[in-house]
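Please find below a briefing on the structure shown here. It treats the chain, the contact between the copies, selected residues and charged pairs in turn.

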Protein chains: 2
Amino acid sequence: MIDITKIIETNKEYVKQHPELPKAGLTSHPTKKLGIVTCMDTRLVGMLEEALGFNRGEIIVIKTAGNSVTQPIDNIVQSLLVATYGMEIEDVLIIGHENCGMIDFSATTFMESMKAKGISEDAIRMIEPGLIDWMDRFHISEDNVIYTVNFLRHHPLFPKGMGFYGGMMDPDTGEFRYLEI
Amino acid sequence: MIDITKIIETNKEYVKQHPELPKAGLTSHPTKKLGIVTCMDTRLVGMLEEALGFNRGEIIVIKTAGNSVTQPIDNIVQSLLVATYGMEIEDVLIIGHENCGMIDFSATTFMESMKAKGISEDAIRMIEPGLIDWMDRFHISEDNVIYTVNFLRHHPLFPKGMGFYGGMMDPDTGEFRYLEI
C-alpha cells in the first residue's frame, strides 16, 4: 500500500523548496504549442520530457499504455481535441519506445491472468473483442507510431495545417529517433 | 511548427550527459507498484512526479485531459489493466488539479470553436453526444477525482485488494492535497 503520509511530507518539503513556481505565471496553454503523446512506461517517467529539452509550461503530455489510439474518439483523441481547440496546440508528436510492455502481451494470456486473480468470466467476456483488437495488433512499437500518426493526420476533427509527427525513444538510454512519416 | 533538428540535437547532448541511465537496470515494472492518473496540463509537466517524491522506474504515469474515465472501458481503464495484470501495480492514485482547463469548456462553445476552424458539421455531429456527456459534466475537479476513484473501486475488472486513492494538486505551487474518499 502506498504511504500517503510520506508523500504528503515529501510534498510539503518540495513546495517549500520551490517558491519560484507560483511566480512563473503559467497558464494551461503550453508556450511551444505542442502536445506529446507517449507511453505510461515507468522508465520514461522523469526522463522523456527532459531528454527532448522540454520544460514545465511548454508542452502538454498525454500518456497511456502503448501510446495507441484505440477508438476513433477515445481519451487520446478527446485530449488532443481539448489541447487543440482549448489550449492552442498546433503540433502533436507521438513517441513510442523500444521494449514496450505491450508487445509481450496477447489477449489470451492477459485474460488468463485476470481469471487467475479472481475476475469474473462475465466481466472478462465483456472486454474480450476490444482486447483482442487492441492487444493482438500491437507487435512492433514503431509500426504503431506510424499507424497512429497517419490515423490522426486523416482524422476529420483536427484542423488543416495541424502537424502530426512520430518518433521512438530508447527507454534505457533516453535516445530519441525521429521517424520520417 | 516544431523544430525537429533542435530536438534531435538537444537529445544527443542529453544522452551524452547521462551515461548512468542504461546502467540503472530498470524494467517496465515500477518498483513502487503504483500507477498515477493525472492531467495532461502543461504546468504539471516536469513537476508533478518530483513534487510527490517519485523517480524514474518507481511509478507508471497515465495522463489525459481532466484525468477522467470517460467510458467503462477506455484508454485509462485499459492502461490500468495493463499496469495491473502486466506490470504488477497494486495501487492507483488519481490526481486532479485546481484551475483545470476542462472547467472552462462547454460542449457548445467547444463545437463552435471547431466549426470556426473549418471542421465539417457532419464530423462534429458525430461526437456531439459524447462531448456533452463528458464536457458538460466536468464542473468541479475535486468531484471528478472522487467520482473516478469510486468508479474504479467498483469496476469489475480490477482484483480485490487493489487500492484506489485520490488527491488534488495546485498547478502553480505544486502543493498536493490528499482526499479522503
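In which helix of chain B is Ser79(B) found? Ser79(B) belongs to helix α3 of chain B, which spans residues 75-85. The model is predicted, so local features need pLDDT of at least 70 and side-chain atom pairs count only at pLDDT 80 or more, while totals for chains, interfaces and linings use all residues. Residues are numbered from 1 along each chain as its sequence is written, chains are lettered from A and ligands numbered from 1 in the order in which they are written, and side-chain values use heavy atoms, with hydrogens and water left out.

**Fold of chain A**

- Chain A contains 6 helices and 5 strands; helices (H or I, at least four residues) and strands (E, at least two) are DSSP runs, numbered from the N terminus.
- The order of these elements from the N terminus is α-β-α-β-α-β-α-α-α-β-β.
- Along the principal axes, the C-alpha atoms of chain A fill a box of roughly 50 × 50 × 30 Å.
- Chain A has 181 residues, of which 57% count as buried (buried means under 20% relative accessible area, exposed over 50%, partly exposed in between, with a 1.4 Å probe and protein chains only).
- Of the contacts (heavy atoms within 4.5 Å) in chain A between residues at least 6 apart in sequence, 75% join residues at least 24 apart.

**Contact between chain A and chain B**

- The contact involves 84 residues of chain A and 85 residues of chain B.
- The copies meet through the same surface, because 100% of the interface residues of chain A are also interface residues in chain B.
- About 7300 Å² is buried between chain A and chain B, 68% of it on carbon and sulfur atoms; buried area is the accessible area (1.4 Å probe) that two parts lose on being put together, summed over both.
- Between chain A and chain B there are 0 salt bridges, a salt bridge being a side-chain nitrogen of Lys or Arg within 4 Å of a carboxyl oxygen of Asp or Glu.
- There are 30 residue pairs in polar contact between chain A and chain B, both residues at pLDDT 80 or more. A polar contact is a pair of N or O atoms within 3.5 Å; within protein, one must be able to donate a hydrogen and the other to accept it, and residues adjacent in sequence count only if both atoms are side-chain atoms.
- Elements of chain A that each supply at least two residues of the side touching chain B include α1 (4-17), β2 (59-64) and α5 (121-135).
- The most is given by α3(A), with 9 residues.
- The residues on this side of chain A divide into 49 nonpolar, 21 polar and 14 charged (Ala, Val, Leu, Ile, Met, Phe, Trp, Tyr, Cys and Pro count as nonpolar, Asp, Glu, Lys and Arg as charged, and the others, Gly among them, as polar).

**Two buried residues**

- Ser79(B) is buried, with a relative accessible area of 1%, and its side chain reaches the backbone oxygen of Asn75(B) at 2.6 Å.
- Not counting residues up to four places away in sequence, Ser79(B) touches Met40(A), Thr64(A), Ala65(A) and Ile62(B).
- Leu81(A), in helix α3 of chain A, is buried at a relative accessible area of 2%.
- Beyond its neighbours within four places in sequence, Leu81(A) has contacts that include Leu157(A), Phe158(A), Phe110(B) and Met114(B).
- The C-alpha atoms of Leu81(A) and Phe158(A) are separated by 7.3 Å, although the two residues are 77 apart along the chain.

**Salt bridges**

- The count over all chains is 14 salt bridges.
- Arg177(B) and Glu98(B) form a salt bridge (2.9 Å, N to O). Arg177(B) lies in strand β5 and Glu98(B) in the loop between β3 (91-97) and α4 (107-116) of chain B, so the pair ties together parts 79 residues apart in sequence.
- Glu142(B) also forms a salt bridge with Arg177(B), with the closest N and O atoms 3.1 Å apart. This pair links helix α6 (residues 141-153) to strand β5 of chain B, 35 residues apart.
- Arg177(B) is partly exposed at 36% relative accessible area, as are Glu98(B) at 29% and Glu142(B) at 27%.
- In chain A, Glu98(A), Glu142(A) and Arg177(A) are linked in a network of salt bridges.
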